[in-house]
Amino acid sequence: MIAVDIASDLDRVLHTEQQVLTRIAEVAAQIDADYEGREPLIVGVLNGAMMTVSDLTRAMTSHCEVDWMAVSSYGSGTRSSGVVRILKDLTTDISGRHVLIAEDIVDTGLTLSYLVKNLRNREPASLEVMTMFRKPDAMTCPVNLKYVGFDIPNEFVVGYGLDYSGRYRNLRDVATLAPHVYS
C-alpha cells in the first residue's frame, strides 16, 4: 500500500519508502562496522519492528541472529497506557551475547526503558538500541539510543510497521494519520 491509495486517511507523508530504505542501509552499514568480528543478536520488538528488522538484516553484510519480543504499553488508542506488559518473550538465552534491540518507534521511552532494564538483568555481553523513528518532543523516560533512523514530530504516524488499531502497517511510506480516523 502506498500513501496515494489511502490519501484521505493521511495528513502528510513524512518519509517516502525510498527515504526509509536509504536510511536503513546507512544504519545497517554502521551496525556492520560497530559489530565487526561479533555476531549480534537482533531482538525485534513486535509487531511494529517487523519491517525494520527485515530490511535492516537484509541490508547488513555481516552475520546476525534474530529473535522477537512483544512488549506493549498501548491499547487500541493513540497514547501509551503507561502499563508495560511482555506479551511474547525471547526464545534465545542472551547471557554473554551482543544484543541489539530493534524498535520501530520511541516516543515516551517508557516501553523501551522497561525492556532495556529487563534484558540487562539477563546479563548480555553488550546491549544497544536501534530505533527507526524517534519522537524527541514526546520522550519522558531517558533511554540511550545508539542508532536512530529519523526524528519525527510528536504526531500520530503510521506506515512501515507503525499502526493504528492494527491497520496501516503495510503502508510503504511513513505519514501522519488524519485526526478524523482516530477521533
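1. Val-83 belongs to strand β4 (residues 80-88); helices (H or I, at least four residues) and strands (E, at least two) are DSSP runs, numbered from the N terminus. Beyond its neighbours within four places in sequence, Val-83 is in contact with Ser-72 and Ser-73, where contact means heavy atoms within 4.5 Å. Between the C-alpha atoms of Val-83 and Glu-103, 20 residues apart along the chain, the separation is 18 Å.

2. On the basis of these values: this is a predicted model, in which local features need pLDDT of at least 70 and side-chain atom pairs count only at pLDDT 80 or more, while totals for chains, interfaces and linings use all residues. Residues are numbered from 1 along each chain as its sequence is written, and side-chain values use heavy atoms, with hydrogens and water left out.

3. Helix α1 (17-34) has 18 residues and reaches 26 Å from its first C-alpha to its last, close to the expected 26 Å; the expected span is 1.5 Å times one less than the number of residues. Its buried residues are Val-20, Ile-24, Val-27, Ala-28, Ile-31 and Asp-32. Buried means under 20% relative accessible area, exposed over 50%, and partly exposed in between (1.4 Å probe, protein chains only). Down the axis of α1 these residues fall within an arc of 140 degrees, so they line one face of the helix; the arc is that of the directions from the helix axis to the C-beta atoms. The buried residues of α1 pack against β1 (10-15), α2, β5, β6, β7 and β9.

4. The largest nonpolar core has 24 residues, and Ile-31, Leu-56, Met-130, Met-132 and Phe-133 touch the most other members. A nonpolar core is a set of buried Ala, Val, Leu, Ile, Met, Phe, Trp, Tyr and Cys residues joined through side-chain atoms within 4.5 Å. At least two residues of this core come from each of α1, α2, β5 (98-106), β6 and β7, and α1 gives the largest share, five residues. A second, separate core of 20 residues includes Val-106, Val-129, Leu-145 and Val-148.

5. In helix α3 (residues 110-120), the buried residues are Thr-111, Leu-112, Leu-115, Val-116, Asn-118 and Leu-119. They cover an arc of only 165 degrees around the axis, which puts them on the same side of α3. An α-helix has 3.6 residues a turn, so residues three or four places apart point the same way.

6. Lys-135 sits in the loop between β6 (126-134) and β7 (147-151). Lys-135 is buried but has no salt bridge, and the nearest side chain of opposite charge, Asp-107, is 4.2 Å away. A salt bridge is a side-chain nitrogen of Lys or Arg within 4 Å of a carboxyl oxygen of Asp or Glu; Lys and Arg count as positive and Asp and Glu as negative, with His and the chain ends not counted. Outside four places in sequence, the contacts of Lys-135 include Ile-105, Asp-107, Pro-153 and Phe-156.

7. Some backbone details deserve a check. The peptide bond from Leu-46 to Asn-47 is cis, with omega near 0 degrees, and Asn-47 lies in the loop between β2 (41-46) and α2 (50-59). Tyr-160, in the loop between β8 (157-158) and β9 (174-177), has a positive phi of about 50 degrees although it is not a glycine. Ser-165, found in the loop between β8 and β9, also has a positive phi, near 50 degrees. Tyr-160 is buried at 6% relative accessible area, whereas Ser-165 is partly exposed at 43%.
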